[in-house]
Amino acid sequence: MIRELLGLAEGILQDLHNDHVEIASLINRIEKSDDRAEREALFEEMKTKLLGHAHAEQEVLYRRLEGSQSEASRGFALEGSNEHQIVENQLEKMSADRDRMSETWMAELKVLRELIEHHVKEEETTGFSCARDDFAKDELEAMAQQFQIRKAQLMTKVA
Ligand SMILES: [Fe+2]
Ligand SMILES: [Fe+2]
């Protein structure tokens, strides 16, 4: 109740939302930066956080939803997993394209931003509501812990 009044989500859902906000803000900073080295560093930071987030989220939340009794949950998880793959492909393309100051690269960043915005909107509406239907509050809390541990492991690996 208090969490709802404060606009907070339960357990892992709040953690996921916090990461979404952080990644959106890093993308803004990349767009605004006109310094090559700074843009490179911000891109690497964003990429590490985004991959850590998406892989941990996939393992802790999506895998469970894919095995759900609910058709809506399974459908959401399958579609969202596909979108994760598309986002990851776009990140790889941007990593390979070395000139972070070019118009081409900035257009690729815009595509990435739009893919993420679409994905996050669906995740925070459909995905969160499926998770609330499928899991009790204490399960969402336990998943928050698993998510943070897994993300920390993945981020040290990809960094
Ligand atoms: Fe997410
Ligand atoms: Fe996601």
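The largest pocket in this predicted model has a volume of about 260 Å³. A pocket here is an open set of points on a 1 Å grid over the protein atoms alone, where a 1.4 Å probe fits, with protein on both sides within 12 Å along at least five of seven lines. Its volume is the space filled by probe spheres set on the points, which are joined across faces, edges and corners.

**Pocket lining**
- Of the 18 lining residues (those with an atom within 4 Å of a point), His20, Ile23, Leu50, Ile116 and Val120 are the closest to the centre of the largest pocket.
- Helix 5 gives the largest share of the lining, six residues.
- Sorted by class, the lining has nine nonpolar, four polar and five charged residues. Nonpolar covers Ala, Val, Leu, Ile, Met, Phe, Trp, Tyr, Cys and Pro, charged covers Asp, Glu, Lys and Arg, and the others, Gly among them, count as polar.

**Iron site**
- What holds the iron ion (ligand 2) on the protein side? Its protein donors are Glu57 (OE), His84 (NE2), His119 (NE2) and Glu123 (OE), at 2.1 to 2.2 Å.
- Donors are N, O and S atoms within 2.8 Å of the metal (3.2 Å for Na, K and Ca), and with water not among the atoms, sites may look incomplete.
- Along the chain, the donors of this ion follow the spacing E-x26-H-x34-H-x3-E.
- Glu57 sits in helix 3 (residues 36-66) and His84 in helix 4 (residues 71-96), so this pair ties together parts that are 27 residues apart in sequence.
- The angles among the four donor atoms run from 81 to 163°, and the site of the iron ion (ligand 2) comes out as irregular. Four donors would be tetrahedral with all angles between 85 and 135 degrees; four would be square planar, and six octahedral, with opposite donors over 155 degrees apart and all others between 65 and 115; anything else is irregular.
- Glu57 also bridges to the iron ion (ligand 1), 3.1 Å away from the iron ion (ligand 2).
- Glu57 is buried at a relative accessible area of 0%, and His84 is buried too, at 8%. Buried means under 20% relative accessible area, exposed over 50%, and partly exposed in between (1.4 Å probe, protein chains only).

**Salt bridges**
- The whole structure has ten salt bridges, each a side-chain nitrogen of Lys or Arg within 4 Å of a carboxyl oxygen of Asp or Glu.
- Lys151 pairs with Asp19 at 2.9 Å, N to O. That pair links helix 6 (residues 137-158) with helix 2, 132 residues apart. Lys151 is buried at 11%, and Asp19 is buried at 9%.
- Glu31 and Arg113 bring their closest N and O atoms to 2.2 Å. Glu31 lies in helix 2 and Arg113 in helix 5, so the pair ties together parts 82 residues apart in sequence. Glu31 is partly exposed at 28%, whereas Arg113 is buried at 18%.
- Glu40 meets Arg100 at 2.8 Å, N to O. Glu40 is in helix 3 and Arg100 in the loop between helix 4 and helix 5, 60 residues apart.
- Glu22, Glu45 and Lys49 are linked in a salt-bridge network.

**Ground rules**
- Residues are numbered from 1 along each chain as its sequence is written, while chains are lettered from A and ligands numbered from 1 in the order in which they are written.
- Local features need pLDDT of at least 70 and side-chain atom pairs count only at pLDDT 80 or more, while totals for chains, interfaces and linings use all residues; side-chain values use heavy atoms, with hydrogens and water left out.

Notes: Helix = DSSP H or I, 4+ residues; strand = E, 2+ residues; numbered from the N terminus.
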